[in-house]
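This briefing is for a reader who is new to the structure shown below. Please look through the sequence and the model before going on to the points that follow.

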Amino acid sequence: MNASATRAAEVAHAMSQCMNLLFLFAAPRVFASVRSASPESLASATETLRAFVRTAEGIRARSGSVSGDVRRVVEAATLVEEICDALPGGAPIEEELPPAVVEPARRTLAVLGFPGPREGWDEFEGFFVPTPPMPKA
């Protein structure tokens, strides 16, 4: 793989790395569902987000210019740092996340190319995943 393709793959990986957490934080109903079903899955949220920030810093340091996808990753990392600083106690376990977590999560997703669901973040309950048909016996 040439250097350009390697860099593009690194940027794509960095952009997708923490999006699951951002969706949780941006959508109160999704967050409540995950928090009640498996609160332990949120214990490492801050570390996952900080790993994204470190990855973005590395991308920025190796890039000749900050444009296109690299600019988006750097901008997203700045917003993710805000989220890390605002997380209550380092792990989101409260009934509701503070706006200082929710709003930057929504802005970060917009920077990464997802402006929000049609029904709005407050009504969003997650993506529909169809159940595969059962095999016929």
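**Overview**

The buried residues of H6 pack against helix H2 (19-26), helix H3 (28-37) and H5; contact here means heavy atoms within 4.5 Å. This is a predicted model, in which local features need pLDDT of at least 70 and side-chain atom pairs count only at pLDDT 80 or more, while totals for chains, interfaces and linings use all residues. Residues are numbered from 1 along each chain as its sequence is written, and side-chain values use heavy atoms, with hydrogens and water left out.

**The chain as a whole**

- The protein chain has 6 helices and 0 strands, where helices (H or I, at least four residues) and strands (E, at least two) are DSSP runs numbered from the N terminus.
- Read from the N terminus, the order of elements is α-α-α-α-α-α.
- The protein chain has 137 residues, of which 37% count as buried; buried means under 20% relative accessible area, exposed over 50%, and partly exposed in between, with a 1.4 Å probe and protein chains only.
- Of the contacts between residues at least 6 apart in sequence, 72% join residues at least 24 apart.

**Helix H6**

- Helix H6 covers residues 99-111, and its 13 residues should span 18 Å at 1.5 Å a residue; the expected span is 1.5 Å times one less than the number of residues.
- The end C-alpha atoms of H6 are 18 Å apart, which agrees with that span.
- The buried residues in H6 are Val101, Val102, Pro104, Ala105, Arg106, Thr108, Leu109 and Val111.
- Gly113 follows H6 and has a positive phi, near 105°.

- Arg106 lies in helix H6 and is buried, with a relative accessible area of 14%.
- Leaving aside residues up to four places away in sequence, Arg106 touches Ala26, Pro28, Trp121 and Asp122.
- Arg106 and Leu22 are 84 residues apart along the chain, and their C-alpha atoms are separated by 7.3 Å.
- Arg71 belongs to helix H5 and is partly exposed, with a relative accessible area of 39%.
- Between the C-alpha atoms of Arg71 and Val111, which are 40 residues apart along the chain, the separation is 9.5 Å.

**H2 with H3**

- H2 and H3 pack at an angle of about 110°, and their axes are 5 Å apart; axes are lines fitted to C-alpha atoms, for helices over the stretch in contact, and angles run from 0 to 180 degrees between N-to-C directions.
- H2 and H3 are therefore roughly perpendicular to each other, a term for angles of 65 to 115 degrees, with under 35 counted as roughly parallel, over 145 as roughly antiparallel and the rest as oblique.
- Leu24, Phe25 and Ala26 of H2 make the contact with Pro28, Val30, Phe31 and Val34 of H3.
- The residues of this contact are 7 nonpolar, no polar and no charged; Ala, Val, Leu, Ile, Met, Phe, Trp, Tyr, Cys and Pro count as nonpolar, Asp, Glu, Lys and Arg as charged, and the others, Gly among them, as polar.

**H4 with H5**

- The axes of helix H4 (residues 45-62) and helix H5 (residues 68-86) come within 9 Å and cross at roughly 150°.
- That angle makes H4 roughly antiparallel to H5.
- Residues of H4 that meet H5 include Leu49, Phe52, Val53 and Ile59, and those on the H5 side include Val73, Ala77, Val80 and Ile83.
- The residues of the contact of H4 with H5 divide into 13 nonpolar, 1 polar and 5 charged.
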